[in-house]
Amino acid sequence: MYCLVELKKENKLDFKRFVRPFFEGQFEKLDEDQSVCGAGATFFGDPVGLALCHNYYENNWNVIIVYVVPKFRNMGIGTALMTNVEAMVSQRDGRKMLFSYQSDNTTRLPVEKVLARRGFPEPLPEVNFYRTEIEKLCDLGWIKKYVLAEALEKSTVFYREYEIFRWAELNDRDRDMLLASRGSIYSRDVSPLEMAEKIDGQLSLGVRHNGDLIGWLVTMKSGDDNLYIKASFLKEEYRGTSLYVVLFSTIMNLQKKAGIPYTTTEVRTDNKRMIRFMNHALADAGYTRTESLSTLKNLAPTL
């Protein structure tokens, strides 16, 4: 018979093996930060499953992990874990719960059954992921044309009238501008503030014009062999320039120099312009594309 436990300091290490490196930061905050909560499942004392949730914005929570050891699936453990963390989120005044997963996930069908049992709406496509070998990318003609060779050695360089800098060089004025502009000039889904702890400061770039921050392309490492391009943004008046391809080309070469063999780029499905660019620009390098689906459930308020 399985049992459920709330994850706390004294027991969370028993479940750490179920957590991918990408989510270790949130996992470590369990029982120390109210923005994270989790439940574990045990079978006669042995850990067999885990669910972990993170408060990513105000009262909106994201289910970042639901995992059950294969031989213990189809026993209702996944549904029980989801029910448990929903209750925890509601107790923390959570109002919405987001669940996302990739289309090629081998557990897609059982996951969708759990979601349906818990009353989540039908999942819809949200994000495309393009995975490419860095050697093939850096051999493309347009990458070679737009890479800023000087930026491979220096942390700040100029491209025409634009200042290109490593994200680790972000200054206080930049941070103030990010805070003031979030939710108005740029949306939260491309906000570097929400992902600040994970951004690789040496393999991400920002761009300033006349001292003002006007854009960025930020990345995160996903394991030892993949760099994940998480978010990009340029102010509207600069989107017809070559700035994006300069940032992209330069980061690809920084990644090659760092010895990371694969890159994955995230593009929202409603960003038709960027999808057209990716399909065309990466065609000669070859890529695999997967899709992320998501569903958002409104939670009943606690009494």
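Is Cys53 buried or exposed? Select Cys53 and check: its relative accessible area is 0%, so Cys53 is buried (buried means under 20% relative accessible area, exposed over 50% and partly exposed in between, with a 1.4 Å probe and protein chains only).

Before going further, a word on what you have loaded. This is a predicted model, in which local features need pLDDT of at least 70 and side-chain atom pairs count only at pLDDT 80 or more, while totals for chains, interfaces and linings use all residues. Residues are numbered from 1 along each chain as its sequence is written, and side-chain values use heavy atoms, with hydrogens and water left out.

**Stop 1: the whole chain**

Zoom out and switch to cartoon.

Now colour by burial: 50% of the 303 residues are buried. Of the contacts with a separation of 6 or more, 67% come from residues 24 or more positions apart (a contact means heavy atoms within 4.5 Å).

**Stop 2: the charges**

Show Lys and Arg as positive, Asp and Glu as negative, leaving out His and the chain ends. The 41 positive and 40 negative charges have mean positions 3 Å apart, placing each charge at NZ of Lys, CZ of Arg, CG of Asp or CD of Glu.

**Stop 3**

Select Cys37: its nearest cysteine sulfur belongs to Cys53, 4.8 Å away, and Cys37 is in no disulfide. Cys37 also counts as buried, at 1% relative accessibility.

**Stop 4: Arg131**

Next, pick strand β6, residues 124-133, where Arg131 lies. Arg131 is partly exposed, with a relative accessible area of 31%. What does Arg131 touch, not counting residues up to four places away in sequence? Its partners include Asp225, Tyr262, Gly286 and Thr288. Finally, draw a distance from Arg131 to Leu282: they sit 151 residues apart along the chain, yet their C-alpha atoms are separated by 9.7 Å.

Notes: A disulfide is a pair of cysteine sulfur atoms within 2.5 Å. Helices (H or I, at least four residues) and strands (E, at least two) are DSSP runs, numbered from the N terminus.
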